Amino acid sequence: MLGAALRLRLRVLRRRCLRGQRRRRRTRGGRAAVEGGGREPVLLVSGMGGSVLHARRRSNPKFDLRVWVRILFANLDFKKYLWSLYNADTGYVEPLDDDVEIVVPEDDHGLYAIDVLDPSWFVELVHLTMVYHFHDMIDMLINCGYEKGTTLFGYGYDFRQSNRIDKAMAGLRTKLKTAYKTSGGKKVNIISHSMGGLLVRCFMSMNHDVFSKYVNKWICIACPFQGAPGCINDSLLTGLQFVYGFESFFFVSRWAMHQLLVECPAIYEMLPNLNFNWKEKPIIQVWRKNPEKDGTVELVLYEASDCVSLFEEALRNNELTYNGKKVALPFNMSVFKWATETRRILDNAELPDTVSFYNIYGRSYDTPYNVWPVGYQYMRLSYGSESSPIGDLSEVCHTVPAYTYVDGDCTVPIESAMADGFAAKERVGVEADHRGLLSDENVFELLKKWLGASEKAPRRRLSKKPRVVGLSS
């Protein structure tokens with residue numbers, strides 16, 4: 001038994017060594033190419049769930065634990081360190097444990113936090129590609145001659161927080177300035193994924209002159225510009241499952257994730273935009289018994305403007321237990337009001353004349369739009385059924401929804417992803433799912449075309465990723 005374990009460990013170490021050798025060769029080649037070609041720097045910005053998060057204890061400077069993403073003991077550490085409450089006085093989400101602070105590691109010029117989200121030996125051993133986030137894109141860019149810390153940077157952030165929170169805005173400003181200065185005064189090309197596009201848009205709206213000064217091109221991938229109706233509405237009611245199939249047994253449970261998202265401003269900021277002219281308005285439908293009509297079963301439809309009342313009623317008894325104490329987690333109106341102001345900031349964003357904008361969106365995948373409790377129509381999310389209706393709306397949080405689907409990337413509908421409102425240089429639909437866009441060869445070809453780059457040697461491709469609902473976005 002010990003011998004087998006030792007052989008497995010040696011195999012992992014050997015693979016790491018070979019991968020390190022490949023990266024060093026690419027870095028040396030990249031350095032030469034950069035010195036000769038003078039490339040503009042690239043900044044990669046992740047989305048929801050797309051950054052490594054560490055927990056640190058104020059009382060113990062030596063304590064530093066990766067809590068997102070981790071495969072082993074995922075649920076235990078997630079609930080212990082990441083469950084949080086929103087502070088309406090500061091606008092920040094704060095851990096339930098006052099001694100804990102959540103930080104994003106800055107290693108490798110910000111790239112470590114968005115590369116492989118669980119860089120443990122176990123993940124490498126079993127090759128769980130579901131946590132290989134920007135990994136393939138980073139390898140591709142290095143193969144094109146980009147150099148970490150000179151022309152290639154990453155920006156990960158605490159995705160639980162608002163997309164316009166001061167710390168996130170200050171961090172992005174610092175990263176842009178660093179990339180600009182380190183590359184010798186060349187403007188930065190941003191590549192954002194998913195919710196990262198909303199963060200960049202908030203920054204552009206709130207720091208228009210800074211954005212104009214430091215940014216040359218912004219390439220946006222799978223951004224929910226007008227929200228992600230089916231996915232986000234259901235996230236607030238029943239939670240979010242990032243991974244399906246066998247891999248889901250290693251990951252955070254849907255219920256544990258739900259208790260985080262109820263207090264998460266970033267989720268509220270991706271609710272469907274009430275001011276957007278949807279082709280058909282997103283709807284949640286609930287089959288329920290009407291107590292005023294002798295329990296007659298009715299189909300109740302909630303449009304986006306009516307959903308707050310549903311959220312409040314469904315979540316009124318929602319709670320969790322932390323260190324033996326009950327913590328109430330109803331629908332948070334303070335977060336909703338904050339998110340409403342964020343939507344105003346997003347809607348007021350203007351693209352500087354000096355910045356070129358490109359939009360890549362996923363297509364050809366069924367994407368939740370409306371929700372209902374089993375059996376619904378176009379753009380509807382549904383709970384309950386005519387034969388098994390909801391009695392009390394709080395039951396919704398413990399049901400499995402049914403969806404109607406539209407075209408998109410499994411998470412963001414095309415209609416939302418395309419509605420950036422800018423004078424885009426190009427908008428291109430790619431047949432890939434939400435996270436799959438980060439490793440898609442067609443996407444890479446577009447990036448190389450728009451960046452004016454080309455690869456120096458063939459890359460080793462990872463196996464196909466499992467089906468994932470990724471907000472990380």
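**Exercise 1.** Determine in which sense strand E1 (residues 42-45) and strand E8 (residues 188-193) pair, and over how many bridges.

*Solution.* E1 and E8 pair in the parallel sense over 4 bridges; two strands count as paired if DSSP finds at least two bridges between them. Within this pairing, Val 45 has Ser 192 of E8 as its bridge partner. Strands (E, at least two residues) and helices (H or I, at least four) are DSSP runs numbered from the N terminus. The model is predicted: local features need pLDDT of at least 70, side-chain atom pairs count only at pLDDT 80 or more, and totals for chains, interfaces and linings use all residues. Residues are numbered from 1 along each chain as its sequence is written, and side-chain values use heavy atoms, leaving out hydrogens and water.

**Exercise 2.** State the strand order of the open sheet of 6 strands, and identify which strands stand at the edges.

*Solution.* The order is E7-E1-E8-E9-E14-E18, with parallel pairing. Strand E7 (152-155) and strand E18 (426-430) each have a single partner strand, so one side of each lacks a neighbour in the sheet. From one strand to the next, the twist averages 15 degrees.

**Exercise 3.** Characterise the packing of helix H8 (residues 229-238) and helix H9 (residues 254-261).

*Solution.* Their axes, lines fitted to C-alpha atoms over the stretch in contact, lie 7 Å apart at an angle of about 100 degrees, on a scale from 0 to 180 degrees between N-to-C directions. H8 and H9 are therefore roughly perpendicular, the class for 65 to 115 degrees. The contact (heavy atoms within 4.5 Å) involves, among others, Asp 234 and Leu 237 of H8 and Arg 254 and His 258 of H9.

Note on methods. Angles under 35 degrees count as roughly parallel, over 145 as roughly antiparallel, 65 to 115 as roughly perpendicular and the rest as oblique.
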